[in-house]
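Subject: Structure for you to look at

Hello,

Here is the structure we talked about. Please open it first, then read the notes below with it on your screen.

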Amino acid sequence: MDIVDLKNGFIERYGGDESDIAVFFAPGRVNLIGEHTDYNGGFVLPFSLHYGTYLLARPLSDPMVKFKSLNFKMGAEVCMKYDLSPMGSEWVNYPLGILKEFKDRRVDIPGMALMFAGNIPSGAGLSSSASIEMVTAFALNKMLGLGWHMPELIKLSQHAENNFVGMKCGIMDQFAVGMGEKGHAVFLDCDTLNYSLVPFDFKNYLLIITNTNKRRELAGSKYNERRAECEMALWDINRVKKIKDLSKLTWDEFEHYKDQFRSKLIRNRAEHVVGENHRVLKSVEMLKSGNLEDFGQLMFESHYSLRDLYEVSCRELDILVEEASKIEGVIGSRMTGAGFGGCTITLIDEKKLEIYMEAISRIYKEKTGLKPDFYLAESGNGIQELKTMSTI
Ligand code: GLA
């Protein structure tokens, strides 16, 4: 996106000139591996994408905060003197929830004109929500000179999504958006929030995102249901062994205690979490040593576990992964994000990309009646204020 165009878009909507407009950017994220482990205190391995959300902001002298977007028609004006509450299921709830977090911390929020513009495909599971939340928190922190550290902004953004938007997400997305850096994956321990940046290089392979374009139904409630099932699994284990999170179970312990779970379903959920957590650890080693083939194999294993044990995949995602596995040059493929629709990521020899896109488009259309979309998962810059008139 071009910053000059964005500033012109802002001036068209709010008038004035560019002298007092500040520009901020937060990326989206894709998760390489470590799915549904974050809220179980486990490991994840996402990276920041080159797609993201831009926020242009100007201070105003009245107490109103104005919201507009280049992506959505709906806008809003909210007076900061009054309590903030959600507006239906509108996009504006994401930034509004962040403003509420600041207000709850006794920050006086002055008037502001805000304009959001994003190029993350929405509903694809690439964290457009966390990106809007984090860009808002980052901008407020800068503009109000609060000097809060990134972990605080990450936690308050997750809190806003859990409580204002009502999605009981873990911390992975906000963390990846806030801490991601170009060329690196974020290897995060979601229990302690200790993390390291793992440089990765796919060499002559590409990571391609394939969007099922399936409307996600009941994703929020199914997600919350999985969280509840994990709590039941933890409760069952805690009768015989005290652990803080499900992901603290080793494989041996899981084997030893597996008859303690109240049902096969609850045991399956726990087995996914324990296995997926191990796969993240192995993946980090493989990416560090450049062993992409074995990493690709772990991607497939992750998908089968999400499909069979955790049951968050869907027919469309399974078709994409199965068909990808048949294509020469594909070394790994899996669903990414929460599931129930959204996208797969596929590691493919760059020379076979055309063949992959042609074959997948045709077969997926035949089997589902839907047209898939493809995006390259390139690693992009982290969250920042854009001071220069540039494109990133
Ligand atoms: C969504 C949530 C994350 C995480 C993933 C699944 O993206 O926002 O916190 O739980 O699903 O790994």
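In the ligand site, an N or O atom in the side chain of Tyr223 sits 2.6 Å from an oxygen atom of the ligand. The protein covers 95% of the 310 Å² of accessible area that the ligand has on its own. Please keep in mind that this is a predicted model.

Asp38 has a polar side-chain atom 2.5 Å from a ligand oxygen. With His36 it is a polar backbone atom, and the distance to an oxygen atom of the ligand is 2.7 Å. The residues around the ligand also include Arg29, Glu35, Tyr39, Cys169, Gly170, Met172, Asp173, Gly337 and Ala338.

Next, the sheet. In general, the strands of a sheet pair through backbone hydrogen bonds, either parallel or antiparallel. Here 4 strands form an open sheet in the order β10-β11-β9-β12, with antiparallel pairing. β10 (330-336) and β12 (373-376) are the edge strands, and each pairs on one side only. On average, and ignoring direction, neighbouring strands of this sheet are turned by 25 degrees against each other. Between β9 (residues 205-211) and β12 there are 4 bridges, in the antiparallel sense. To find this pair on screen, look for Asn211, which stands opposite Asp373 in β12.

Helix α10 (residues 315-325) lies across β9, β10 and β11 (343-349), and runs at about 175 degrees to β10. Helix α11 (residues 353-368) lies across β9, β10, β11 and β12, at about 20 degrees to β9.

Which residues of α10 are buried? They are Glu316, Leu317, Ile319, Leu320, Val321, Glu323 and Ala324. Their cover includes β9, β10 and β11, together with the helices α9 (292-308) and α11.

Last, a residue in another strand. His50 is in strand β3 (residues 46-59). His50 and Ser379 are 329 residues apart along the chain, yet their C-alpha atoms are separated by 5.6 Å. Leaving out residues up to four places away in sequence, His50 touches Phe25, Leu376, Glu378, Ser379 and Gly380.

Regards

Note on methods:
Residues numbered from 1 in each chain as written. Predicted model: local features only at pLDDT ≥ 70, side-chain atom pairs only at ≥ 80, totals over all residues. Heavy atoms only, no water. Pairing = 2+ DSSP bridges. Helix = DSSP H or I, 4+ residues; strand = E, 2+ residues; numbered from the N terminus. Axes fitted to C-alpha atoms, helices over the stretch in contact; angles between N-to-C directions. Contact = heavy atoms within 4.5 Å. Buried < 20%, exposed > 50% of the residue type's maximum accessible area, 1.4 Å probe, protein only. Near = heavy atom within 4 Å. Polar contact = N/O pair within 3.5 Å; in protein donor to acceptor, adjacent residues only side chain to side chain. Areas by Shrake-Rupley, 256 points an atom, 1.4 Å probe, with all protein chains shown as cover.
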